[in-house]
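Student: Please take me through one part of this protein in close detail. Then set it against the rest of the model.

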Amino acid sequence: MIIVLKPDHKEEDRRQLVETLRALGLAVHESRGVQRTLVGAIGDEAVLRDLPLESMPGVERVIPILKPYKLVSREFHPADSEVEVGGVAFGPGPVQIIAGPCSIEDRQLLLETAHAIREAGATCLRGGAYKPRTSPYAFQGLGEKGLELLAEAREATGLPVVTELMDPRDTVLVARYADVVQIGARNMQNFRLLKEVGNLTKPILIKRGMSATITEWLMSAEYVAAQGNQRILLCERGIRTFETATRSTLDLSAVPVLKSQTHLPVLVDPSHAAGSWELVEPLSRAAVAAGADGLMIEVHARPEAALCDGNQSLKPERFARLVEAVATVCGAVGRELGGGDR
Ligand code: PEP
Ligand code: MN
C-alpha cells in the first residue's frame, strides 16, 4: 500500500512510520516528489490490519495498490522517472536514440558504425556480445572479446553502450563493460536473471517477451525494482501474432498503455518487430508520435554481410535520414530529439 504523507509532516513522524513498517517485516520504499512524499509498504499487508495508519502523525491518507506490480506503478511514483546513462537522460525530456549493430562482429565495422550513428544523432551505442540465437549453429557472439570492442567504441565516440546479458553467471563481467544491461525478449521471464540485475546499480533495459502481456512485462520490471534497482527502461520490440508479413507485430498501443500504468521510460525497437529495414523508419515515426521516450535501431555499416539480423539493419546513411524524419515528428508532438548538441 501507499502511505501519502502530509506536505508539512515532521521528519521524526516519517522516520517513526518507516521504522514501524520495517519492524512488521514490510519492505519500505520511499518516493520523494516535489509536492509529496509517498511511502510504499510492500509485503504481507495483513500485518497492518491492527495498525491505525491513517491516524498516525504526519499521515494524510492510505491508498491500497490493487495492481500486482507496485514499485513500477504510476500510483507509487506519479511523475515520469528519468534514467540517466553516462550523461544521456531517458525519460520525459528529449527522445533518445540507441543504435548500432545487432552483434559485435569485427573491430573496424563496429568503430565505423559507432562513429556514423553518433554523427547522425544517436546518443547510445548498442551491440550484442552474447547473442540469443534460435539455431545453435548460428553466430553466438564474440563474448568477452566483443565487450572489449564495445568499450573501445565507447572510448572512441563518447557514447554510452547497451549490451545484452543472457546468463546470470556473466552478470559481473557484462556489468563491468555495459552502461545499460539489456535483458532480451527471450529472457524477460528469467526470474533468476532479473533478480541478479536487480542487485546492480547500472540501468537495465527490459525488452518485452514476444508472448508477454503488458502486465507480465511490468511484473518482470517489478522483479528488478524489488531487488533495489529502479533504473529501468522498458522496450517494446513486437509480439507474436497470426500476422506473417512482419517478423513480429509492433504493439504500439503498449506505449500509451505503459505511460498510464508505469512511471518508467518507454522505448520502442522497430527493427526486431519489422524484420526488414524498409519498415523501420515509418515505425520509428509512429512510435515517437505514440509517445515513446526513445528508440532502439539496428544499424550496420554493411548489412549484406552482417552475421545477424542484416535484413532489418539500416545502412548509416539511411539511419541518418531516419533521425531527420524522427526529429520532425518530435517537433510535431512537442518533444526534442536528444543529441542536438552534436
Ligand atoms: C537484440 O536486441 O539484438 C535482440 C536479440 O532483441 P530481442 O531480445 O528483442 O529479440
Ligand atoms: Mn538483432
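Tutor: Ala27 lies in strand 2, which covers residues 27–32. Helices here are DSSP runs of H or I with at least four residues, strands are runs of E with at least two, and both are numbered from the N terminus. This is a predicted model, in which local features need pLDDT of at least 70, side-chain atom pairs count only at pLDDT 80 or more, and totals for chains, interfaces and linings use all residues; side-chain values use heavy atoms, leaving out hydrogens and water. Residues are numbered from 1 along each chain as its sequence is written, while chains are lettered from A and ligands numbered from 1 in the order in which they are written.

Stay with Ala27 for a moment. Its relative accessible area is 36%, so Ala27 is partly exposed. The classes are buried (under 20% relative accessible area), exposed (over 50%) and partly exposed in between, with a 1.4 Å probe and protein chains only. Ala27 is in contact with Gly40, Ala41 and Ile42, leaving aside neighbours within four places in sequence. Contact means heavy atoms within 4.5 Å. Leu267 is 240 residues from Ala27 in sequence, and their C-alpha atoms are 29 Å apart.

Now the metal site. The manganese ion (ligand 2) is coordinated by Cys102 (SG), His272 (NE2), Glu298 (OE) and Asp309 (OD). The distances run from 2.0 to 2.3 Å. Donors are N, O and S atoms within 2.8 Å of the metal (3.2 Å for Na, K and Ca); water is not among the atoms, so sites may look incomplete. Along the chain, the donors of the manganese ion (ligand 2) have the spacing C-x169-H-x25-E-x10-D. Glu298 and Asp309 link distant parts of the chain and are eleven residues apart. Glu298 belongs to strand 14 (residues 294–298). Asp309 sits in the loop between strand 14 and helix 10 (316–332).

Ser313 is found in the loop between strand 14 and helix 10. At 2% relative accessibility, Ser313 is buried. Not counting residues up to four places away in sequence, Ser313 touches Trp277, Glu298, His300 and Pro303. Glu298 in that list is one of the manganese donors. Arg302 is eleven residues from Ser313 in sequence, with 8.8 Å from C-alpha to C-alpha.

Next, two helices. Ala289 is found in helix 9 (residues 280–289). With 47% relative accessibility, Ala289 is partly exposed. Its contacts include Val329 and Val333, with residues up to four places away in sequence not counted. The C-alpha atoms of Ala289 and Leu252 are 9.9 Å apart, across 37 residues of sequence.

Glu216 is found in helix 6 (residues 214–226). Glu216 has a relative accessible area of 33% and is therefore partly exposed. Setting aside neighbours within four places in sequence, Glu216 is in contact with Met188, Gln189 and Ser211. Gln189 is 27 residues from Glu216 along the chain, and their C-alpha atoms are separated by 8.3 Å.

Step back to the whole protein. There are ten helices and 14 strands. Of the 342 residues, 54% are buried. Take contacts between residues at least 6 apart in sequence: 69% of them join residues at least 24 apart. The C-alpha trace spans about 65 × 45 × 45 Å along its principal axes.

The protein exposes about 14700 Å², with 51% supplied by carbon and sulfur atoms. Accessible areas come from the Shrake-Rupley method with a 1.4 Å probe; for residues, only the protein chains shown count as cover. The mean positions of the 39 positive and 44 negative charges are 1 Å apart. Lys and Arg count as positive, Asp and Glu as negative; His and the chain ends are not counted. Each charge is placed at NZ of Lys, CZ of Arg, CG of Asp or CD of Glu.
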